[in-house]
Structures are given as structure tokens and as C-alpha cells.
Amino acid sequence: MSLLNQQRVQTGLWLGVGLVILVLLYVLAPVLTPFALGAMLAYLLVPGVDWLHKRRVPRAAGALIMLLFLLLLLVGLLLILVPVLQREVSALYAALPGMVTRLNYSVAPLIREWFGWSVRFDFATLKALLAEQVGQQQDLITRLLDRVRAGGAAIAGVLGMLLLVPVVLFYLLVDWHDLNKRIKLLIPRRWHALVTGMLAEIDGLLAQFLRGQLLVMLVLAAYYSLTLAVAGFQTALPIGLLTGLLIFIPYVGFLLGLLLALLAAFLQFSTWYGLVAVAIIYGVGQFIESFLLTPRLVGERIGLHPLAVIFALLAFGQVFGFFGVLVALPASAALLVALERLRGAYLTSDFYTRT
């Protein structure tokens, strides 16, 4: 077999391997989600483990310290969220009589005008409905146990994923550099310098990405806190901070903050002012995040056009689901490095330069 045919066979083989990897990513996307999340967290926390290791702290102990640090951050978020939820739910239950009156004087006439239906809301009925849905603590526990028995497999899967993430994170923090060495040893020697240079460039882009994402979170936390406070919300600070800091969780952080803000508006204001204010604040905030902050502070830092950032988020999310949203921008950064190298090789090739 001639050298040219051997190169063609090798090229076809590597293209086939790449296609198989893409198919496996698509099929195993739900399974890979905790591993992707663990890898992203490990990338963030490895510098802290390295810093501790240089000060003669064993890597396993350093990994446990960073896991504890992450746990404290999560507990801090819960301490912000849970009191707000408790206060809002208690206020909702206490405001039921006034809510019924508002519904009868504002919503019922609209229903009668638009649909011709005569509706009258009753406090006792709504109270019974709320009690049925929320129930006493013992009834709630009983229903949860029943649901656990009924949907044990699904709940076990969720709990398994939640338990898997810290396990994956711990082992990645301990063996991060060893894994990198093993991966680099698998690279063919003739491509070693090229691939390691690309990996170093990708690492630099990811660092820029993380710094940009952190800046987006801080800006949005300040925006939501300030705008809600200006609008007169009593819980502006916790809701604004929570919305901004949870933006790194695609869709979930924004929706959770929006629901809390809508509940606070419904309880605090007796007119439509609160709901309209929330709609404007969160609508503008989503526009700022999607079309200004993320494309500019994140996209430009990793060298992607704003439209390319939006397309990457939508495309990866459509194909791979939540796993795709997690890896969209980092994968785009890696793809950008590869395309830049291919572009450079193309511009210097005989195919391009030959006249």
C-alpha cells in the first residue's frame, strides 16, 4: 500500500472515530451530565487544590477542603433562598382573604367580559385547595413517601446523579494532573507539539470564559437587586442576588428568581404595578444577559461573535439537552482553536497559494 493510500485510510479511520464519539455523546448525554458538571467544577477548583498542595497539604485533603468550600457556598445560597420562600408562603396563606377579594373585583369581571362566564371566587374553597395541596407537615411527608414508592426509579436516578457529582469531582481534583499526563501520552509523537499547543490555547480561552461568566453573574446580581429595590420590593436583595448568582445554571436560575419576584409582587402590591414591574425588570434583564452581557463579556473573551454564542447555546441545547447547554461555550472555544489552526494550514497550503 502506497504512502498516499495509508494516509487516506488513517484519515478515514479518524473521521470514523470522531463520528462514533459524536453519536455516543448524543446517546449518552443524560448519563454524561453529572460527569460534565463534575469536570466543570473540577476545572474551577483545581487551582485551589494546587495552592494547598504547594503548602504541603495532601491532594486528597485539599480536594476535601475545596469540596467543603463548595458545600458552604451551596448552603449559603440555601440560607438565602429558604427564608425567603418560607416568608412568601406564610404571607401567601395570610393574604388569602385579600387575594379572594382582589380576584372577585379584578379578575372575575374580566372573565365575565371576555368569555361571558359568571365566576365568583370563594375564600373557603381556595383555603381548602391550598390546604389540600400544601397540607400539614405529616401529610406532606406521607405523600412524599407515597411518591417515592410510586416513582422510586426516577427519584433514585436523580439522587444517584446528585451523589455522583461530588464523587466525580473528588477523584478529578485528586487525579487531575495525572489524567492530563495520561491523555498527553496517548497523543501520537508527531502530533504531540501541535496538540499540546492547542490544549494550552483552549485552556487559556476557558479561563477567559470563566472570568467572563463570573462577571456576568455579578453584574446581573447587582442589576436585579438594584432594580427590584428601586421598584419598591421589600425582598429585593435576596431575590436579586439569587437570580444573578444562579444564572450559571441555564434557565433554572432565571426562572426561579422570576417566580420568587412574581410571588413577592403579588403579596406586596394590591395593584398590577408589582407584576408589571417584575415583567419589565426580568424582561430587560433577560435581554441584557442574552444579547449584551453573555455575548460581549463571555463571547468576545473567547473570540466568538455574539451571534455565534447565541447559536452555540441553542444548537448544543437542542442536540444534547442540558448536557449540551453545559458544554456549549467551552466546546465552542475548543472548536474555535481547531478551526483557527485549520485556517492557518489552509492559507499556507499549495491548494490555496498555487496560482
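Predicted model: local features only at pLDDT ≥ 70, side-chain atom pairs only at ≥ 80, totals over all residues.
The kink lies at Leu 45, amounts to about 40 degrees, and comes shortly before Pro 47.

Several of its residues are buried, among them Pro 34, Gly 38, Leu 41, Leu 45 and Val 46. Asp 50 is also one of the buried residues of α2. In general, an α-helix has 3.6 residues a turn, so residues three or four places apart point the same way.

For context, most residues other than glycine have a negative phi. Is Arg 56 buried or exposed? Arg 56 is exposed, because its relative accessible area is 81%, and the cut-off for that term is over 50%.

Val 165 belongs to helix α7, which covers residues 152-185. Which residues does Val 165 contact, once its neighbours within four places in sequence are left aside? They are Pro 34, Leu 37, Gly 38 and Leu 41. Between Val 165 and Leu 37 there are 128 residues along the chain, yet their C-alpha atoms are separated by 6.9 Å. Val 165 counts as buried because its relative accessibility is 11%, and the limit for that term is under 20%.

With that region in view, let me step back to the whole chain. The protein chain holds 14 helices and zero strands. Of its 355 residues, 29% are buried. Its accessible surface comes to about 22,600 Å², and carbon and sulfur atoms account for 72% of that area. Among contacts with a separation of 6 or more, 65% are between residues 24 or more positions apart.

The largest nonpolar core has 26 residues. Which of its residues touch the most other members? These are Tyr 224, Leu 228, Phe 233, Ile 239, Ile 281 and Tyr 282. The elements giving two or more residues to this core are α3 (59-94), α8 (192-230), α9 (236-245), α10 (252-268) and α11 (273-299). A second, separate core has 16 residues, including Ala 42, Val 46, Leu 67 and Leu 173. Ala 42 and Val 46 are also among the buried residues of α2.

Not counting residues up to four places away in sequence, Tyr 224 touches Gly 240, Thr 243, Gly 244, Phe 254, Ile 281, Tyr 282, Gly 285 and Gln 286. Three of these names return in helix α9, where Gly 240, Thr 243 and Gly 244 are buried, as are Ala 236, Pro 238, Ile 239 and Leu 242. Because seven of the ten residues of α9 are buried, this helix is largely enclosed by the rest of the structure.

Helix α11 supplies two further examples. Ala 277 is found in α11, and it is buried because its relative accessible area is 10%. Beyond residues up to four places away in sequence, Ala 277 touches Ala 231 and Phe 233. The C-alpha atoms of Ala 277 and Gly 232, which stand 45 residues apart along the chain, are separated by 9.6 Å. Glu 289 also lies in α11. Is this glutamate, Glu 289, buried or exposed? Glu 289 is buried, with a relative accessible area of 13%. Apart from its neighbours within four places in sequence, Glu 289 is in contact with Leu 220, Ile 247, Thr 294 and Pro 295.

Finally, a word on confidence. The mean pLDDT of the protein chain is 75, and 72% of its residues reach 70 or more. Over residues 134-138 the pLDDT is below 50, and this stretch has four contacts in the model beyond near neighbours in sequence. Residues 147-154 also stay under 50, and for them the model has three contacts beyond four places in sequence.

Key:
Residues numbered from 1 in each chain as written. Heavy atoms only, no water. Helix = DSSP H or I, 4+ residues; strand = E, 2+ residues; numbered from the N terminus. Buried < 20%, exposed > 50% of the residue type's maximum accessible area, 1.4 Å probe, protein only. Contact = heavy atoms within 4.5 Å. Areas by Shrake-Rupley, 256 points an atom, 1.4 Å probe, with all protein chains shown as cover. Core = buried A, V, L, I, M, F, W, Y, C linked by side-chain atoms within 4.5 Å. pLDDT = per-residue confidence, 0-100. Bend = angle between axes of the 7 residues up to and from the residue.
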